[in-house]
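Please read the following note with the sequence and the structure at hand. It sets out a few points for a first reading.

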Amino acid sequence: MILAQLSNFEGPSIDWLPLTPQIILVVAALVILLVTSLSPAKVSDSFSTAVTVGSGVAAGVVAWFVWNDIRDEGPSSTVAGAVGVDGFSIFFTILTLSALVATSLVGHSYIKREQMAAPEFSALLLLTAVGAIVMASANDLIVLFIGLEALSIGLYVMAAMQFRRREAQEAAMKYFVLGAFSSAFFLYGIALVYGATGSTNLVNIAAYFNTIGSRINNLELFYVGMALMLVGLAFKVAAAPFHFWAPDVYQGSPSPVSGYMASAAKAAGFAAMLRIFFVAFSRTSADWTPIVAVLSAITLIVGAVMAITQNDVKRMLAFSSVGHAGYVLVAVQAATSDGTSAALFYLFTYTFMVIGSFAVVSLLGWNDGHDVSRYEGLARRRPLIAVAFTVFLLGQAGVPFTSGFVGKFLVIRSAVDDEIYWLAVLAMVVSVITAFMYLRIISNMWDREVDVADAPRLSVPLTTGFVVVVCAMITVVYGVIPQSLIEFARDAVPVLVAGG
Amino acid sequence: MLSLVWLIPALPLAGFVFLLVAGRSIGEPNAGWIATAVSGSSFVATLVVFAGLLERDGENRIFEQVLFDWLPVGSLEVEAGFLVDPLSITMALFITGVGSLIHLYSIGYMHGDENYSKFFVYLNLFLFSMLMLVLGNNLVITFLGWEGVGACSYFLVSFWHTRESAATAGKKAFVTNRVGDWGFMLATFLLWTSIGTITYVDIGPAAGSLTNTTATAIALLFLVAAAGKSAQLPLYVWLPDAMEGPTPVSAMVHAATMVTSGVYLLVRMNPILTDNAQTVIAVVGVATALFAALAAVAQHDIKKVLAYSTVSQLGFMFLAIGSGAYVAAIFHVITHAFFKALLFLGSGSVIHGMQDEQDMRKMGALRKAMPLTAATFIVGWLAIAGVPPFAGFWSKDEILLAAWEVDGIGKGLWAVGLFTALLTAYYMSRQVFLVFFGEARWNDNRPQGQPEVVPHESSWTMVLPLGVLAVAAMVGGAINLPIFEEWLVLEHFLEPVFEYGRLHHFESTTATKVSLAVVAVIAGLVGMAIAAAAWLQKRIPTDRLEPKFLENAMYVDATYAKIVGGPGQKSFDAIAAGDQKLVDGAVNGAGRLVQKIGLLIQPGQSGMLRQYAIGIALGGLAIVVWLLSAAL
């Protein structure tokens with residue numbers, strides 16, 4: 001009987017091209033696992049990295065073609081309106097792929113040094129990237145949830161990959177329990193929103209509000225659902241007070257993974273938040289924007305205040321990453337196109353700064369910690385790395401002529417445009433406070449008094465060095481000529497298109 | 001020729017990069033000579049651009065060079081570009097001119113320092129930032145320079161950061177300046193939201209559309225920024241401490257150039273300075289002038305006297321701005337750059353000759369041992385004391401006249417200004433008498449076993465800049481003599497800049513002008529006479545002239561420390577005592593406070609899973625309750 005029903009089932013028409021990037025990544029992950037487990041001799045770790053980087057680049061090229069199609073023919077949706085094909089999904093696809101390639105290259109040398117399992121690392125990295133891309137392009141809450149889980153579960157394992165370290169186990173355990181907790185919030189939120197609006201499809205939810213207007217029947221149901229979804233996503237992006245996991249997890253995870261969490265995973269969370277709240281819930285924006293504004297204020301303050309008190313660079317970067325989420329939230333709460341493209345610009349440029357920073361951290365930090373004093377005299381030991389790290393830190397501090405300045409500028413501008421002056425002022429004050437922390441690391445690096453003659457030789461593997469230098473160049477280039485990226489971010493504001 | 005403007009900041013930038021890479025290997029003294037050479041070339045480039053500007057007519061003396069569109073976002077266009085107009089070129093001229101002399105002086109002064117080349121790296125970077133600040137064609141570029149000079153000042157103050165006090169002072173300068181920076185950012189954003197532009201040439205025409213309230217608010221925020229950078233009440237506290245830096249730094253950064261950038265900013269923003277804002281600026285300025293002059297009266301450290309004197313003179317410049325006398329403000333910036341740089345470099349020569357002694361009570365009779373230093377220092381003294389025809393007389397006189405003519409509170413401003421001028425003459429005379437006259441006290445209370453101090457004159461690289469600056473301090477007033485209309489060269493040159501501002505026009509009769517000038521000169525002479533009676537002839541008991549209350553600058557700084565830094569006066573020093581590294585321990589003052597809050601909420605970050613989960617649950621509950629209560 002079931003078979004009989006199946007034969008009557010007609011699947012939705014699928015436009016395969018926009019899905020190709022995800023498919024390439026999944027296939028690459030399978031290839032890595034198959035080849036390394038079936039091959040009689042031990043396969044070199046370089047194979048996994050090469051396949052990961054190669055598939056990431058290939059997926060990027062396909063995404064570029066899709067982007068050109070979208071520009072010619074306008075945005076669309078596929079798989080019965082469950083997956084959106086617009087500039088927004090392409091933007092986050094490219095962001096995720098950049099993070100994937102960079103993390104894979106940094107991880108390559110890190111894995112060798114720490115004697116971790118390369119094939120598993122690469123496969124998980126690829127699959128989490130697929131999860132992030134699905135999250136960013138989902139037009140349906142169920143699809144979005146699948147993407148979120150694919151991303152999260154992979155990250156739980158990656159956090160634990162240095163299983164010999166007690167901190168890594170602790171980090172993974174915490175991340176898993178709290179992640180599951182917050183996923184439950186999110187899922188319950190989806191259920192309630194479905195109950196109130198009758199659909200999990202974002203297009204239908206938006207349409208429901210347009211027809212019903214403010215005379216919605218199950219208002220309480222919807223609001224509770226919206227609140228629970230906000231909690232789930234705030235957890236993913238590490239916004240206070242849902243950020244507690246972030247410092248512990250970032251500190252315990254392998255440094256390249258921490259960088260990946262702070263870039264791709266955070267960006268995916270924001271992608272989901274923007275698509276759901278800015279687009280689907282836009283009719284109720286008057287209700288949720290004040291909450292996001294307060295969240296962003298708390299996040300900014302907690303990030304700055306906690307970061308200043310740290311002595312461990314990895315933990316410092318973790319709290320600073322909380323603070324950066326606060327800046328993006330400033331743009332999200334504006335609930336305008338300008339605000340959204342400011343958030344996109346910020347996330348894109350932050351990706352390179354934070355991956356670069358954690359790459360440097362991975363070079364300097366061995367298992368026994370990441371104290372600031374370890375960076376003393378780095379400028380004399382490895383001048384190029386020190387210059388690059390200085391660029392990342394100045395960028396995160398928001399110094400003019402780095403991409404971080406332009407990002408902060410656009411974000412604060414969106415709050416000013418929206419006439420939420422108190423938040424703009426707060427964001428400026430926080431940028432003033434956090435400058436201390438970044439400057440502290442910088443002055444340690446450039447301290448000439450320190451005797452570095454006895455310091456152990458600091459080896460910089462080629463792949464990591466390459467990523468660090470490229471990330472630094474991108475940070476400077478988008479600080480000096482940001483126009484192309486600003487335009488890309490402007491064209492990438494999400495739109496909803498019903499399934500055809 | 002005007003298109004060469006990019007060269008002016010590019011030269012010091014190139015010097016900075018070169019010395020950063022190769023400074024250590026070329027070492028002393030070549031690193032110093034290279035830095036001096038790029039600084040001198042930058043001065044020549046400025047002269048060339050200046051000549052190009054002079055070829056044009058008065059109204060057409062504006063030239064913009066846009067390097068590229070930097071932030072083309074919607075309605076806001078931010079370019080990376082330079083603006084050459086009378087104001088910016090005047091600033092650039094004395095910055096590169098005085099800057100080059102100080103570079104030259106530093107070659108001798110820093111002799112033997114283990115970080116010799118690093119010093120010149122910072123000095124060139126500072127010069128670059130300062131030139132960006134004045135030559136930028138919009139507020140964002142100026143802000144870039146503004147941040148740059150702040151960072152360099154911080155690096156240079158704590159240059160000898162093995163000295164604890166130097167490290168603390170560096171941090172204090174940084175913290176106080178960040179307060180001002182915040183005002184700058186806020187003002188820039190407000191200006192942009194109100195008139196849609198932050199480019200200088202567009203601000204003037206658009207400023208008319210601002211409501212009076214908005215314009216005043218923006219102007220006052222810029223005043224916060226300027227007060228931080230230019231050490232005005234209540235943000236002046238960092239400048240006296242900044243004297244921990246090497247003396248050439250005090251001369252260049254903390255007397256001639258950086259501290260005047262607040263004056264530049266307000267003068268540049270003249271189209272938005274409303275009457276109310278002007279009144280506030282004038283009051284802040286005159287209060288600072290008086291306060292700092294009182295503090296200068298009782299200092300023992302030769303550089304501290306000059307530091308408080310700088311704060312006081314900056315107060316005069318703010319008084320000029322507040323009175324609408326923008327030309328007088330810039331005039332005083334220039335003459336002050338001459339005589340204060342001269343005095344600082346002179347004091348550096350004294351400190352050098354006295355083998356690093358800074359306490360004036362251990363000096364005396366140095367005019368015989370250091371005749372050239374003494375002669376030039378005396379020129380600086382006469383200039384700052386307002387004795388005609390030295391440079392300081394002309395600019396200070398113009399400020400007092402402008403204050404006199406202000407409606408309402410003008411007479412009061414003038415009276416306070418006059419009294420401050422008297423104090424200025426007094427404390428500078430006291431300094432000169434204590435250091436160069438009287439009996440030699442070089443070896444009083446010398447601990448057993450220490451070698452005897454034998455003062456000696458400094459090398460030619462140090463004395464030559466003193467000579468040049470002394471000549472400038474003598475005749476510098478000539479650029480703006482109020483004797484014939486056409487002798488007001490600076491005023492006519494700068495006038496086009498103030499097309500949209502509330503520029504003060506002098507209206508007093510010649511008789512009033514002359515009598516006010518005579519009163520001012522008399523006040524100066526009275527101050528000098530009191531000092532002579534007390535410190536030269538010992539006819540007044542001197543111990544009562546140095547009350548502890550004034551020596552500690554009325555305890556303002558200590559009070560700040562108490563309020564900001566938690567219990568006790570120690571707070572500002574606490575971290576420096578704990579760690580001697582630059583910013584280690586994060587910050588003091590404001591930063592310290594934040595850190596304490598952080599430690600308070602730290603227990604929340606306990607590592608306990610249950611607590612984290614409760615945090616999430618409570619946060620979620622709060623959002624649910626909020627949404628429901630707002631919606632229902």
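The points below concern a helix pair, the cysteines and one phenylalanine.

1. This is a predicted model, in which local features need pLDDT of at least 70 and side-chain atom pairs count only at pLDDT 80 or more, while totals for chains, interfaces and linings use all residues. Residues are numbered from 1 along each chain as its sequence is written, chains are lettered from A and ligands numbered from 1 in the order in which they are written, and side-chain values use heavy atoms, without hydrogens and water.

2. In chain A, helix α14 (residues 337–364) packs against helix α16 (residues 383–397) at about 140 degrees, with the axes 9 Å apart. α14(A) is therefore oblique to α16(A) (under 35 degrees is roughly parallel, over 145 roughly antiparallel, 65 to 115 roughly perpendicular, and the rest oblique).

3. The contact (heavy atoms within 4.5 Å) involves residues of both helices, including A:Tyr350 and A:Phe352 of α14(A) and A:Ile385 and A:Phe389 of α16(A). By class, this contact of α14(A) with α16(A) has eight nonpolar, four polar and no charged residues (Ala, Val, Leu, Ile, Met, Phe, Trp, Tyr, Cys and Pro are nonpolar, Asp, Glu, Lys and Arg charged, and the others, Gly among them, polar).

4. A search of the whole structure finds zero disulfides over all chains (a disulfide is a pair of cysteine sulfur atoms within 2.5 Å). A:Cys471 is buried, at 3% relative accessibility, and B:Cys152 is buried at 0% (buried is under 20% relative accessible area, exposed over 50%, partly exposed in between, with a 1.4 Å probe and protein chains only).

5. B:Phe338 lies in helix α14 (residues 326–353) of chain B and counts as buried at 17% relative accessibility. B:Phe338 and B:Gly476 are 138 residues apart in sequence, yet 7.8 Å apart in space, C-alpha to C-alpha.

Notes
Axes fitted to C-alpha atoms, helices over the stretch in contact; angles between N-to-C directions. Helix = DSSP H or I, 4+ residues; strand = E, 2+ residues; numbered from the N terminus.
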